[in-house]
Amino acid sequence: MSSFTPTTPRPAPANTVGFVGWARDNLFATKFDTALTVLAVTIILYVMKAVFGWAIIDASFSGTERTACLKEVQGACWPFIEAKFGQFIYGRYPDAERWRVDLVFAAGLIGLVPMLMPSVGHKRANMIFLLGFYPVFAFIMLTGGVLGLAAVDTTDWGGLLVTLVVAVTGIVASLPLGILLALGRRSDLPIVRALCIGFIEIFRGVPLITVLFMASVMLPLFLPDGVNFDKLVRCLIGVALFSSAYMAEVVRGGLQAMPKGQYEAAAALGLSYWKTTRLIILPQALKLVIPGIVNTFIGLFKDTTLVLIVGLFDLLGIVQLHFTDASWATPETHITGYVFAGAVFWLFCFAMSRYSIFMENHLSTDRNA
Amino acid sequence: MSDPVIRINKMNKWFGNFHVLRDIDLNVASGEKIVICGPSGSGKSTLIRCINRLEAHQEGDIEVEGVTLDGSLKNLEDIRSNVGMVFQQFNLFPHMTVLENCTLSPIWVQQKSKAEAETLARELLERVRIPDQADKYPGQLSGGQQQRVAIARALCMNPRIMLFDEPTSALDPEMIKEVLDVMVELAEEGMTMLCVTHEMGFARQVADRVIFMDEGEIVEENAPEAFFSNPENERTKLFLSQVL
Amino acid sequence: MLGALLLAMVWLVANVQSNLERQNINSGFGFLSERAGFGINQTLIDYTEDSSFGRVLTVGLLNTLLVSVFGVFFATVLGFALGVARLSGNWLINKTAMVYVEIFRNVPLLLQIMFWYFGVLRNLPSPRKAVSLGDTMFLSNRGIVVPAIEAASGAGWYVAAFGLSLAAFIWLRRRARLARLADGALMPFWRPLLTVVLASIGVAALLAGVPFSLDVPALKGFNFRGGITVIPEFVALLLALSLYTAAFIAEIVRAGIQSVSKGQREAAAALGLPDKTALRLVVIPQALRVIIPPLTSQYLNLTKNSSLAVAIAYPDIVSVFAGTTLTQVGQAVEIIFITMMIYLSLSLMTSYAMNRYNARIALVGQNT
């Protein structure tokens, strides 16, 4: 009986692999493709040239006032950003007290980074730090007035600080609220269900700006005479309610994806409704919808800019405010400011979206294992 | 042997740098039934997918009914309307009824009238024994019924060659037989068939030749009796001891 | 629990009443018929300072709808192009579209609106130094001025010619399709259509000559006269809304087309369908089922996002009604209620239509 010895594999023909093969398949597969490639290269070169010319070659990098940015051919006016950087980050938070903001940022990072890394353990302690200790710490540090810290009024807060405060509060408040609303929407009690559906559909049906108007103009009307809410707090409530409605729909998607068998198995073990929900359903359902949750966070982060319309100075608001500074009035100031603010927002949103993709892949390998 | 309808000569194919098909030589005569088997990853599916150029080969020649498979679009259309294919995952169009699935190619490729195409489709649905499901959607049928629709859909092109790519692998055991029965009937009517399958009973019953592939090569080919009772190669014997 | 809820509601309403009384604010919807007293720089219907607040509401709503309709159109065209580009086998085209999507969807829309308005359009030269495109269109910090087409009497003949061509198009297409399905015959289509179009235009020209004239804008003093002026607020808002929403639509289109499995395309190819036919009969119908529901919600988002107009004072409903009218009248509860109700009814109508559509196209059976 003969035995089988496979012929040695030969390398593929040279023009189908390597860079040549890659270029042939991906850039010049057909005449039409070649035309597209040429067109794309032309556009890319043109855009690159414009962007580099503006941001680097024709840009000003140093100076202390507008004359630094009034060249014949003027690109970006970076000294404007440099001069206003502190304002953009802290707003009118007093110079001497800014270390407190830094400390809050640092503590947040320390709490968040290990939380985001799946390989690091102690998630429970980490969670308690982030959701229990950190908010209290941040509140005391930022507002002051106790422990010998000077009080800083929220009207003095601004820039990235306000953006992050609004975003983080919105994120932290909208998740539990959204979960409750999603559970309520699937409740067996008709009144609870109707209220939840009404809340979700109303907030999802109107633009955020009308909610913020409502929060800033109407909320005071609902309160007894003399009681007054801080403007920042009013916005926070508006943003949190608004995003909780969106969060509720995301969570509902996860709940609906749970197979009936999971409920039946939990019931067979004698678990109550709340125990089933907390121990069996939510941990699985939330994991399923992590991408949706992060997308809601990204939307919320971008939406924080709307607070400038009701008179708060978030990052975009404070950049906009400083355009009125006559000592920096140049034709390029606006664009430079917007590009800077845009880059900061982009960095946060892009990082979140990449993280969501990372988690999705991580979880799907988990499930397959 | 009469003039072959499929002639494959020194054919080689790579996926990137992976050499999936190595120096394949194969001639198929008109009316011949060939069963191709082998372990997964041996290149058997890729081989039959090269015959209607769902995959393009890089070296060697493939000739179907005297038409050479190169990049030419005209040749490709000729070959595809002469070669029917049945997939492992059925690939019925879920947004069309069974009848619409079957009449698609006659109407849009062969320019038949709708009435003519429908008559033909109903005839063929009768032949695969599901005449009363014509107005249902694929999602309403069982797997075995879906695969029989897929066979009827391919037959509606009036092809001279049929390719089967593991047609029963995605089916529950009790449905395998209903599909195999249809295939046996088709073989008895004299259709040229190439089947990638592990149904050895089917191979014994209808095949003129059984081909065993491994590592992208044809290891052994023989008439079914000799192939099963007296394999020439150790590799084939090992494989048969695992599947039989 | 229900009792507590009810009690809280009563308490809130009592607060509102006492607050309103104290601030001397009227209640009810009577203000809608009062004189507005302010001007609006873009009105689709007749409006003067003497018009009522009710009229302001209508003008604002129409402006919202105007920018939304144009925005939906441009976002769809650009979004589909980008979505298809994202699936292109051409690496460069694919990555260029990806970079676009990643940039535009990760920067807040409000920032983009302000960028185009304050950064670009308001930075354009004054009308006297306007950028001229062939001396017929002008770009300045007052917006874009384009020539207007004015029709004299006799234009009706051209309308009739257009109508006839359209009817011929529909009839010829129907005839070709029916003939094709009846006996497989191929009916001529383009040649007779072209004949009808040319003949009807020719007859119209013989009967009426050329009854159209272009009203080309020209610089008079400090601004342009003639033509149609598109205000910069509209341009900036439209630009930002379209570019932003297109990024989201691109992802929806990409996901939709990708949702049609490779097997479907292979099956179509194995049946001998040419690529174009396979795309039209197999891929697109299935992709659309996946694309249309999220696409609709993007359209709704665009409409809701147009409310950011208030930041650059484009006279949409939020800007002129929930903004200007609110500061003048002070009746926050009624005004915000009306504004929210309008958006809410737009949303509910759309989701109702969407649910109907989904029920109609849902694939029958599940195990495919």
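Biologist: How many residues does the contact take from chain A and from chain B?
Modeller: Contact here means heavy atoms within 4.5 Å. By that rule, 13 residues of chain A meet 19 residues of chain B. Please keep in mind that this is a predicted model, where local features need pLDDT of at least 70 and side-chain atom pairs count only at pLDDT 80 or more, while totals for chains, interfaces and linings use all residues. Residues are numbered from 1 along each chain as its sequence is written, chains are lettered from A and ligands numbered from 1 in the order in which they are written, and side-chain values use heavy atoms, with hydrogens and water left out.

Biologist: What area do chain A and chain B bury between them?
Modeller: The size of an interface is often given as the accessible area lost when the parts come together. Buried area is taken with a 1.4 Å probe and summed over both parts. For chain A and chain B this comes to about 1,400 Å², with 54% of it on carbon and sulfur atoms.

Biologist: Which side chains of chain A and chain B meet in a salt bridge?
Modeller: A salt bridge needs a side-chain nitrogen of Lys or Arg within 4 Å of a carboxyl oxygen of Asp or Glu. The rule finds two across this interface, one of them between A:R10 and B:E59 at 3.4 Å, N to O. There are also five residue pairs in polar contact between chain A and chain B, both residues at pLDDT 80 or more. A polar contact is a pair of N or O atoms within 3.5 Å; within protein, one must be able to donate a hydrogen and the other to accept it, and residues adjacent in sequence count only if both atoms are side-chain atoms.

Biologist: How does the contact of chain C with chain A read?
Modeller: That contact takes 48 residues from chain C and 53 from chain A. Together the two chains bury about 4,300 Å², 74% of it on carbon and sulfur atoms. On the chain C side, C:N106, C:L111 and C:M340 lose the most area to chain A, together 14% of what that side buries.

Biologist: And how many salt bridges are there between chain C and chain A?
Modeller: The count is one, and it joins A:R354 to C:E102 at 3.1 Å, N to O. Helix 1 of chain C gives the most to the side that touches chain A, with nine residues; helices are DSSP runs of H or I, at least four residues, numbered from the N terminus.

Biologist: Which residues line the largest cavity?
Modeller: They are B:R127, B:V128, B:L155, B:V182, B:E185, B:L186 and B:E189. Helix 6 of chain B, residues 173-188, gives the most to this lining, with three residues. The second largest cavity holds about 40 Å³, and its lining includes B:F87 and B:R153 as well as C:A267 and C:L271.

Terms used
Helices (H or I, at least four residues) and strands (E, at least two) are DSSP runs, numbered from the N terminus. On a 1 Å grid over the protein atoms alone, a cavity is a set of points where a 1.4 Å probe fits but cannot get out, and a pocket is an open set with protein on both sides within 12 Å along at least five of seven lines; lining residues have an atom within 4 Å of a point. Grid points are joined across faces, edges and corners, and a volume is the space filled by probe spheres set on the points.
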